[in-house]
Amino acid sequence: MTTDILINATNYEVRLALVEDGNLSEFHMQRPTEKGLMGNVYKGRVVRVLPGMQAAFVDIGLERTGFLYVDDVCVSSNSPDFNPCITDCANTHVRSQGLHIEDLISEGQELLVQVSKDPIGTKGARLTCHITLPCRNLVFIPQTDHIGISRKIEDEELRLSLKALIEQLRPQDSGFIVRTVAEHATTEELEADMEFLMLLWDDIIDKAGRLPSPCLVHEDIDIVLRSIRDFFTMDVDNLIIDHEPSYLKILDHVKTFAPQLKDRISLYSENTPIFESYNIEVEISRAIEKKVWLRSGGYIIIESTEALSVIDVNTGRYVGKNDLNATIFKTNMEAAVEIAYQLRLRNIGGIIIIDFIDMEDDQHREQLFETFKEAVKKDKSRNNILKLSEFGLVQMTRKRNSENLHQLMCEPCHYCSGEGMIKSRRTICYDIFRVISRNAKKHKGSNITLRVHPRIAELLQNEEESTKQQVEKDISKRIIIAPSKDLHIEKYEVIWQS
């Protein structure tokens, strides 16, 4: 399988596409005006403690306060009153299970927190006191005494050797997680990452002690450098970027953290825009549509709300050959693979309900579930999938750290206020008739001018002409239709003439 990273960078937007075998697998974007907060470290101030929710709201200097749950509070094991204040942050910490939020923090208290989930919809950022600082090969967890190895490193002998090496290199009472890419790293590279991360943590502690709250203490790297840290592994064949300043910045970064990958980076300089050249623009446009067609002729519908996402599977144009069960099974199997792909591409997270077409054959149901589980293995985000229910539903969760692609690229329709539907033309016509009939006796004139959208005017003058005439007869007034292109289709104006 060939894997490429394509980056289209401008001053106003940076877009990153992960392409596997010519197909867009992941898409990420960052705009300076809408930059994400995840990974940023803030010195915040507790503004409200909620014992009933075992959580607190923390002011970190943004428009909305952040949300801090009790399990995300750090308590110092060296402090007798378990007070997680700024001065304790350099000490070893233990988790707060079994303790109440009101016993851990109080209003007005200053905390060092990190954004673990970007603000989504009306919700503020999710915060944690368990700071994690990622580098290319390692993730530093300064407040724990723990060594973790990525689950994707499956070789048990390699896992043990990496753990022993980190144990030998790390300072006492410090925690590290070995990332998947580190299975190819040298001892020198691991040491360099470790030294860099510890110096970064010392700098954060120093700033937190000096700066007033609320304030930003540490900002995570931008998407260009994050492409090197999080995506550019030995499995990637090429990284191609079309912006020379960003290209030079990447080369400089790679010299320090991944010199072996330098030859795989290139600057795109063709006249045709990079995303058009690789047919990515078309794929991005499709990725925000509700309906996704399957090759067989079936389709899936993807609907997302603030709380959960629902995916519905339909046979569509696919009618099969002779056997209804075989038709349904083939549609479901094709949908399972496509849904796993769409979850990753669109970055859909939270609770997800998938409504497969119901199947009677238990073997088919089991095969479908196994196929779906296998298909989501490519996804880096943590997920939890429950067995197929009797109703053909799969319930799952997928870790959500930021807004999905639809939320990033779309906004609520100003016509329907985000409802996704508007009133039918006939419903609008009947609303108008009711308004006229209700108010006719208040006005003495014999004519009524009705300003409406042209599509409403067309219906009133054709299919609803007989109804209009009956209303005119009932109120003893003539209704004059005046089409107006400047009106919203649901808006109208009744002008009573004397």
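Student: Which exposed residues does the face of helix 2 turned away from its buried side carry?
Tutor: This is a predicted model, in which local features need pLDDT of at least 70, side-chain atom pairs count only at pLDDT 80 or more, and totals for chains, interfaces and linings use all residues. Numbering runs from 1 along each chain as its sequence is written, and side-chain values use heavy atoms, leaving out hydrogens and water. Helices (H or I, at least four residues) and strands (E, at least two) are DSSP runs, numbered from the N terminus; exposed means over 50% relative accessible area, buried under 20% and partly exposed in between (1.4 Å probe, protein chains only). On the face turned away from the buried side of helix 2, the exposed residues are Glu157, Leu160 and Gln168.

Student: Within what arc do the buried residues of helix 2 fall, seen down its axis?
Tutor: Leu162, Leu165 and Ile166 are the buried residues of helix 2. The arc is taken from the directions from the helix axis to the C-beta atoms. These residues line one face of the helix, because they fall within an arc of 95 degrees.

Student: Which parts that are 16 residues apart in sequence does the pair of phenylalanine 356 and phenylalanine 372 tie together?
Tutor: The two rings are edge-to-face, 6.4 Å centre to centre with 75 degrees between the planes. Rings of Phe, Tyr and Trp (its six-membered ring) pair if their centres lie within 6.5 Å; planes under 30 degrees apart count as stacked, over 60 as edge-to-face and the rest as tilted. Phenylalanine 356 is buried at 2% relative accessible area, and phenylalanine 372 is buried at 1%. The pair ties the loop between strand 21 (350-355) and helix 9 (362-375) to helix 9.
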